[in-house]
Amino acid sequence: MSPALAARIIWAKELLEALRDRKTLVIMVVLPLVIYPLVFIGLSQATLAQQEKIEADHLSLGVEGSPVPAELQAALDALPDSEIVTVDNAKSAVSAGRVAAAVTVPPAAIEGLAAGGQIPVGIVFDGSSDRSHEGESRLRKAISDFVESVRAARLTKAKLSPEYIDPISLKTDNIAPPARQGGFILGQILPMLVSFLMIGAAFYPAIDLTAGEKERGTLQTLLTAPIPSISIVAGKFAAVVTLSILTGALNLLALGLVALSIPLPEEIQGQIAFSVAPLPLLLLLVAMVLLGMMFGALMMAVAVTARSFKDAQSYLTPLYLLCIFPLMISSLPGVTLTASTAAMPVVNLALAMKQLLLGEVAWPLLAITALSTLAFAALALTLAARVFSMQSVLLGDDGPSALFRRRAAGLSRPPVPTPGEVTTVLALVLLAMFYGTLAMSGAPILAIIHATQWVFILGPPVIAVAALRLDPTATFALRRPPVWALVTSFAIGSGLWLAALRVLHSLTGDWIPVPSPGMQALGEALAALGADPLTAVPLFLGVAIAPAVCEEALFRGFVLQSLRRRLRNRHAILISAGLFALYHLQWAQMPTTFLIGLIQAALVIYSGSIWPAVILHALHNGLALSSQLYLPEDVLMGTPILAWLAVPAFGLALLYHRVRRSTGRGAPPPP
């Protein structure tokens, strides 16, 4: 039996079993078509009934101040279902609930109006009360009527026309066709809604077809069949994607039918049309398929490592939240589908759907979106296929930690941390950085910089090494570096910073379309510190030396040394560099940070020492800070980059030669 045929058989089997389940049919078909109309109709009717009840309530409205101008009193008396009472103190009366809202009138209001002046009138209401909001709305209407009557009387007395005080008659002309206007509105709602539906639709099928079968004991029967693991993964993945698309489409159809039943206001009925051309509609369906593939692959890759249905739910809940974060980015104003955002997973599909709803079809960007999505889905499926080939994960009690174990198990207790301990420490570092910097919000910037590095970043791994009784030399790679590694680190660190600044400068407009006031304020504060000789030295220690020691100890020590004992060197380098890039939490810096992390990790692995990476990191940060503080931007950006890259190119050539030599005779084992 061919692998493709086996995958199709497994897909048909899983899909048939899912559709035979009454609970699945109820969740997929009955609930969307029944619950959404009930919820929308019920909520809309309840909201309208409650609003009408509040508007029809008889309210007591207060007036503070006397005498009240006759025109204002007439406007107040004309309010329907309202009783106007005089109060001594408007705030006390509203706070005590004696009146829903109150208007304050100054003592000399009549004289001021008679003299043609302006009088200050205020409204007091309780923003936490619906009745008080309604009272404020009624008083605002009465005051508006009063203002119109006074304005008309003054114009008549002065023999002036209304156009005299309104010299411009403004008219706006919206040239967007009704279909494009409707597409713009749908683009603000539909991509997020579809993505949420697809995530929820892939959630339970991914768990049931992996961890659910493992818990029920039916996975063992499938594994006894002479079928490659990739066929099993492909068949189950196709079933998850199919169920996800069906569920998402039915949910979307139910929501669409409910939305169509809600009439548009008369004033905008001719301005908006919710329609999509055939080609964008077809591409929208393709985007939904890609969304299902993306979320299905991610959730299968995670759920298959769980030992039970309950564990899988615990594993997938953080993944669910992580999938929501890119969707929030896609909804930011000004973020559009560009060559950069088209390569970002999840974000690219949401932005592509927004573009298609506007009727715009940019084939190159859509191609990048499709290829990047398929690439990420393929990576997730590759991980799931590896899990299916490991009986220790599928049938044993090891759970996800078995993914990081070499085929030939080494020591029972290695001198470096386990993947679970690394994950815990990274979580503690993030928590310490967030809450620590929040607690130090009023402290000097230099104190925050040094505390972040020495306490929040370096503290958790050092405490973990002491508490777990790990070997500090092995965990942090504290060994004497070879001469070639020192030369390489000095060469790369002396010039790579300029290339990183150039790339960062060119990517900022696409990756961060809205400037960050916080980052601008931080740059101004650092510039002020660098200009003072007394603070320049602590600044360079905090920005260059402290990150070089603390961040390298965490990522190239604690994290990398754990990974390289359980993964191939290239996999350990990629994962540690990815974590290092994500740690900085700035999209524009991620490409350069990831590349530098690759170089530093390779230096540490093939030299056996962390010190070359520390030197490279310190030179990179120090020279970059010096250039930004003391060199004009035109000089910095106008310098020929090839002249600066000659020395780092020599260092990269040395590192490449060392890697090739080590690979040729076998990668160096963990010390």
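## A walk through the predicted chain

Start by colouring this predicted model by pLDDT, the predictor's confidence in each residue, from 0 to 100. Among the elements of the protein chain, strand β3 (residues 101–104) has the highest mean pLDDT, 95, and helix α15 (residues 391–394) has the lowest, 56. Those names come from DSSP runs numbered from the N terminus: helices are H or I with at least four residues, strands are E with at least two.

Next, select residues 401–412. Here the pLDDT is below 50, yet the stretch has 21 contacts in the model beyond near neighbours in sequence; a contact means heavy atoms within 4.5 Å. Then jump to residues 509–518, where the pLDDT is again below 50 and 15 contacts turn up beyond near neighbours in sequence. Where pLDDT is low, the predicted coordinates should not be read in detail.

Before moving on, a word on the ground rules. Residues are numbered from 1 along each chain as its sequence is written, and side-chain values use heavy atoms, with hydrogens and water left out. As this is a predicted model, local features need pLDDT of at least 70 and side-chain atom pairs count only at pLDDT 80 or more, while totals for chains, interfaces and linings use all residues.

Now zoom out to the whole chain. Its mean pLDDT is 82, with 87% of residues reaching 70 or more. Of the contacts with a separation of 6 or more, 77% are between residues 24 or more positions apart.

Pick Ser66 and Pro67: a cis peptide bond joins them, with omega about 0 degrees. Pro67 sits in the loop between β1 (59–64) and α3 (70–77).

Then go to Val346, in the loop between α12 (309–330) and α13 (347–357). What is the phi of Val346 near? The value is near 70 degrees, positive in a residue other than glycine. Val346 is buried, with a relative accessible area of 5%.

Last stop: Ala477, in the loop between α19 (472–476) and α20 (483–511). This residue is not a glycine either, but its phi is positive, at about 55 degrees. Is Ala477 buried or exposed? Ala477 is buried, because its relative accessible area is 0%.

Notes
Buried < 20%, exposed > 50% of the residue type's maximum accessible area, 1.4 Å probe, protein only.
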